[in-house]
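Me: I've just opened this one for the first time. Could you walk me through it, one question at a time?

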Amino acid sequence: MIQVKDLLVILISSSLVSNVVLSQFLGLCPFLGVSKKIDTAAGMGGAVIFVITLSSAVTGCIYHYLLVPLNMEYMQTIVFILVIAALVQFVEMFLKKYVDSLYKALGVYLPLITTNCAVLGVALTNVQKEYGILAGTVNGFATALGFTIAIIILAGIREKTQYNDFPESVKGMPMVLITAGLMAIAFCGFAGLN
Amino acid sequence: MSKCLERLYNGIVKENPTLVLMLGMCPTLAVTTSATNGLGMGLTTTVVLALSNMIISMLRKVIPDKIRIPAFIVIIASFVTMMQLLLQAYIPDLYKSLGIYIPLIVVNCIILGRAEAYAYKNPVLPSLFDGIGMGLGFTIALTIIGMLREFIGGCSFFGMELGWFTPVAIFKMAPGAFFVLALLCAIQNKIKIAGAKKGKDVSKIQSGCSNDCMNCTLECDHKKYDDIEITQEDIESTAKINAKAIEKELERVGKEAEK
């Protein structure tokens, strides 16, 4: 039986020590694309937390109760990507019909993360690290939390540096990447927590 | 035949996915810790890209328009799984060092983008060469970035120790990837600005457009979805709703704290 202490270790290591964007480079597209304003970044972060937590729970169940008993572990990539895509579509329809407030808050971001590599990445990491369903879900939540932390910090920095006087060719994407690099150095400091 | 050669040139030089369009950034940053890894990842992606382009082009009249994206994903995922098993069996070293990034080729936006933009609309042979060209363009870019990072970060060349200077280890670590990409981007910007001054068409450079709007988070004015339209207004109104919800929550927490 997995203990609370182990879950806490997963929570900290997945959200801070090996941050999904800054040390594993997953989910870079939304990280660079939707980080202009703190508000939109927070919305994206919320949607990512919601989808990744849910999808890692569902893919965990499918892996342990369907693929393992049938000896079909090699099918995991195909099954996971289809389940995730279907799940996101389903969640979107469900929210649209029944939970309007949540749909308004997260709705526009949901189609954007259907096949975001972080979602599939977490599902595959859970299998690779042999996490059970509960540990996998916690890992999913922690990873998404790490993504949200990173994207909100980046959006904050971008809002501050928006009108700074950079050289013409460094303006825009290069500056965002340098900022992300400096953040990655800062996050390297969390490695000491292990 | 000239059309096939044109596709190769287009993929490697004119619309190079990494160096010109800036696509598929996740694998580009993650696996380029050494030139060998970059080369391996690039070639694996090339095989998947060429084969999936070919099959999708063959089936383009069979696949109904409405379910084309899931159909593409199944085809791509099958080839990725095949490549994963082949690598595991015959090149276990590469399989170990690329790890989770091999199955993640499925969500590489270059592949789905090419299926959507080219293979679904064109005959088999040009589609195959389009895949090979794009794949080789990706491979070359990844190998160059890998060589650069390996040289600065480890002072070695394809695994050979050179020992010319003390390596700057941070270039092999995560931050180095961001810095190298920032440098690449700055060079692109420089070319773009110079080209615009001379009146050349530079709209493709750094456009990041894979024609795969489903997974795209870029800001552009021609976003297309099957049935959902996202406009800037939607995003802004969502942001406002979020802000209000957060304010309410803060008020509630404040009141509770007062109690």
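This is a predicted model: local features need pLDDT of at least 70, side-chain atom pairs count only at pLDDT 80 or more; totals for chains, interfaces and linings use all residues.

Me: Let's start simple. How many helices and strands are there in chain A?
Reply: Reading chain A along its sequence gives the pattern α-α-α-α-α-α-α-α. Chain A comes out at eight helices and zero strands.

Me: What share of the residues in chain A is buried?
Reply: A residue goes into this group when its relative accessible area is under 20%. Chain A has 194 residues. The buried share of them is 55%.

Me: How much of the accessible surface of chain A belongs to carbon and sulfur atoms?
Reply: The accessible surface of chain A comes to about 8,600 Å² in total. The part belonging to carbon and sulfur atoms is 68%.

Me: Among contacts in chain A between residues at least 6 apart in sequence, what percentage joins residues at least 24 apart?
Reply: For chain B, the figure for this kind of contact is 68%. For chain A, the contacts joining residues at least 24 apart come to 79%.

Me: Now for some helix packing. Are H1(A) and H7(A) roughly parallel or roughly antiparallel?
Reply: H1(A) covers residues 4-17, and its axis lies 7 Å from that of H7(A), at an angle of about 30 degrees. Angles under 35 degrees count as roughly parallel. The crossing is right-handed. The two helices are therefore roughly parallel.

Me: How many nonpolar residues are in the contact of H1(A) with H7(A)?
Reply: On the H1(A) side, the residues include Leu7(A), Ile10(A) and Leu11(A), and they meet a set in H7(A) that includes Val138(A), Phe141(A) and Ile149(A). Five residues of this contact are polar and none is charged. The nonpolar ones number 11.

Me: What is the orientation of H7(A) relative to H8(A)?
Reply: H7(A) runs over residues 133-161 and H8(A) over residues 173-188; their axes come within 11 Å and cross at roughly 130 degrees. That angle makes H7(A), relative to H8(A), oblique.

Me: Which residues in H8(A) meet H7(A)?
Reply: The crossing of these two helices is right-handed. H7(A) brings Ile149(A), Ala150(A), Ile153(A), Leu154(A), Ile157(A) and Arg158(A) to the contact. The contact as a whole divides into nine nonpolar, one polar and one charged residue. From H8(A) come Val176(A), Thr179(A), Ala180(A), Met183(A) and Phe187(A).

Me: Is Ala150(A) buried or exposed?
Reply: Ala150(A) lies in helix H7 of chain A. Beyond its neighbours within four places in sequence, Ala150(A) touches Asn19(A), Val21(A), Leu22(A), Phe31(A) and Met183(A). With a relative accessibility of 0%, Ala150(A) is buried.

Me: How far apart in space are Ala150(A) and Ala41(A), C-alpha to C-alpha?
Reply: Along the sequence, Ala150(A) and Ala41(A) are 109 residues apart. In space, their C-alpha atoms are separated by 9.6 Å.

Me: Which residues is Thr77(A) in contact with, leaving aside its neighbours within four places in sequence?
Reply: Thr77(A) sits in helix H4 of chain A, which spans residues 76-98. Its relative accessible area is 1%, so Thr77(A) is buried. The contacts are in chain B: Thr81(B), Gln84(B), Pro103(B) and Val106(B).

Me: What is the phi of Asn71(A)?
Reply: Most residues other than glycine have a negative phi. Asn71(A) is in the loop between helix H3 and H4 of chain A, and is exposed at 59% relative accessibility. Its phi is positive, though it is not a glycine, at about 55 degrees.

Me: Last one: is Cys155(B) buried or exposed?
Reply: Cys155(B) lies in the loop between helix H7 and strand S1 of chain B. Cys155(B) also has a positive phi, about 50 degrees, without being a glycine. At 1% relative accessibility, Cys155(B) is buried.

Notes
Residues are numbered from 1 along each chain as its sequence is written. Chains are lettered from A and ligands numbered from 1 in the order in which they are written. Side-chain values use heavy atoms; hydrogens and water are left out. Axes are lines fitted to C-alpha atoms, for helices over the stretch in contact, and angles run from 0 to 180 degrees between N-to-C directions. Helices (H or I, at least four residues) and strands (E, at least two) are DSSP runs, numbered from the N terminus. Angles under 35 degrees count as roughly parallel, over 145 as roughly antiparallel, 65 to 115 as roughly perpendicular and the rest as oblique. A crossing is left-handed if the near helix is turned anticlockwise from the far one by less than a right angle, and right-handed if clockwise. Contact means heavy atoms within 4.5 Å. Ala, Val, Leu, Ile, Met, Phe, Trp, Tyr, Cys and Pro count as nonpolar, Asp, Glu, Lys and Arg as charged, and the others, Gly among them, as polar. Buried means under 20% relative accessible area, exposed over 50%, partly exposed in between (1.4 Å probe, protein chains only). Accessible areas come from the Shrake-Rupley method with a 1.4 Å probe; for residues, only the protein chains shown count as cover.
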